[in-house]
Amino acid sequence: MIDLFCFVSPNARKIHMALEELGLPYAVRWVDITRGDQFAPHFLRVNPNGKIPAIVDHDGPGGEPVRLFESAAILLYLAEKTGALLPDDPAARWEAICWTVWQVANQGPGLGQATHFLQYAPDGGHVDPYAQDRFRAEAQRVYRVLDERLTGRDYLAGDAFSIADIACFPWTRLSRHHGVTVTDYPAVVAWSERIAARPSAQAKIDDHRDEATRRFQYSAEQRAVLFPTAPDPDR
Ligand SMILES: N[C@@H](CCC(=O)N[C@@H](CS)C(=O)NCC(=O)O)C(=O)O
């Protein structure tokens, strides 16, 4: 049995999709990141970085429990555990690993910051336009890189669906928050629709968010948890 520590988020969706694809038994452990559950001592023992997703596999290496955090590490672990979702051919396998790492090093942070500065700007948008322009440009760059890779191919690596596709897919379903016109990236749209049709992408986890949180309308308390700020030491 695998415990999946998650909230509704593109990073958690990757692991949920992989578990569904692989048919591994799992239990959802809800971590409300808008209320600070990610900082609870019992969760920090699973992920010292205080972010979801994370897992505990009670049947880890040698039959012992193992905890894992960082979505790319978890995807690689699940692929290795099952011998699935990574190509057998070494060149294609490393291509899949490159795109999985690209996702956590480029697409995730870039689109996360674009969402932050374009969508969650405090007080209805009083945020430095430089930051907004900077991350809109970065969002457009990562969509372009993905589009160029997917032009003329069905999947990111080799000729089959892999953890690279799982890693990159969920963020492309949130393009309305990224300051991009997604139709400018037709190969991304076609690929994203193809993956969205898979049962693993349609599987739902119980959503415990209240209505306002679902609409990203966070209270002052939720914003303080999610978007902490530090005073400038030079001021
Ligand atoms: N690089 C991490 C990113 C994880 C991450 O940023 N998770 C967000 C939700 S999508 C989170 O837990 N945020 C809560 C917080 O920052 O306090 C991964 O790929 O797993």
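Trainee: What is the relative accessible area of Leu-85?
Mentor: This is a predicted model, where local features need pLDDT of at least 70, side-chain atom pairs count only at pLDDT 80 or more, and totals for chains, interfaces and linings use all residues. Residues are numbered from 1 along each chain as its sequence is written, and side-chain values use heavy atoms, leaving out hydrogens and water. Buried means under 20% relative accessible area, exposed over 50%, and partly exposed in between, with a 1.4 Å probe and protein chains only. Leu-85 counts as buried because its relative accessible area is 12%.

Trainee: Between which two helices is the place of Leu-85?
Mentor: Helices are DSSP runs of H or I with at least four residues, strands are E runs of at least two, and both are numbered from the N terminus. Leu-85 has a positive phi of about 65° although it is not a glycine. Its loop runs between helix H3 (71-82) and helix H4 (90-119).

Trainee: Which residues is Leu-86 in contact with, leaving aside its neighbours within four places in sequence?
Mentor: Leu-86 is also found in the loop between H3 and H4, and it is buried, with a relative accessible area of 13%. Contact means heavy atoms within 4.5 Å. Beyond those sequence neighbours, Leu-86 is in contact with Leu-76, Ala-79, Arg-93, Ala-96, Ile-97 and Ile-163.

Trainee: Leaving aside neighbours within four places in sequence, which residues does Ser-162 contact?
Mentor: Ser-162 sits in the loop between helix H5 (129-150) and helix H6 (163-172). It is buried, because its relative accessible area is 0%. With those neighbours set aside, its contacts are Leu-85, Pro-87 and Ala-96.

Trainee: What covers the buried residues of H6?
Mentor: In H6, 10 of the 10 residues are buried, so this helix is largely enclosed by the rest of the structure. Among these buried residues are Ile-163, Asp-165, Trp-171 and Thr-172. The cover includes helix H1 (10-22), H3, H4, H5, helix H7 (186-196) and helix H8 (199-202).

Trainee: Is Phe-216 buried, partly exposed or exposed?
Mentor: Phe-216 has its place in the loop between helix H9 (211-214) and helix H10 (220-226). Its phi is near 60°, a positive value in a residue other than glycine. With a relative accessible area of 26%, Phe-216 is partly exposed.

Trainee: Let's turn to the ligand. Which residues are around it?
Mentor: A residue counts as near a molecule or strand if one of its heavy atoms lies within 4 Å of it. The shell divides into five nonpolar, four polar and three charged residues. Ala, Val, Leu, Ile, Met, Phe, Trp, Tyr, Cys and Pro count as nonpolar, Asp, Glu, Lys and Arg as charged, and the others, Gly among them, as polar. The residues around the ligand are Ser-9, Asn-11, Lys-14, Ile-33, Gln-38, Phe-39, Lys-51, Ile-52, Pro-53, Glu-70, Ser-71 and Val-104.

Trainee: How much of the ligand's own accessible area does the protein cover?
Mentor: A nitrogen atom of the ligand is 2.7 Å from a polar backbone atom of Ile-52, and a nitrogen atom of the ligand is 2.7 Å from an N or O atom in the side chain of Glu-70. An oxygen atom of the ligand is 2.6 Å from an N or O atom in the side chain of Ser-71. Accessible areas come from the Shrake-Rupley method with a 1.4 Å probe; for residues, only the protein chains shown count as cover. Of the 520 Å² that the ligand has on its own, the protein covers 80%.

Trainee: At what distance does the side chain of Gln-38 reach the backbone oxygen of Ile-33?
Mentor: Gln-38 lies in the loop between strand E2 (26-30) and helix H2 (41-44), and it counts as buried because its relative accessibility is 5%. A polar contact is a pair of N or O atoms within 3.5 Å; within protein, one must be able to donate a hydrogen and the other to accept it, and residues adjacent in sequence count only if both atoms are side-chain atoms. The side chain of Gln-38 reaches the backbone oxygen of Ile-33 at 3.0 Å.

Trainee: Is the peptide bond from Ile-52 to Pro-53 cis or trans?
Mentor: Pro-53 is found in the loop between H2 and strand E3 (54-57). Omega for the bond from Ile-52 to Pro-53 is near 5°. That peptide bond is cis.
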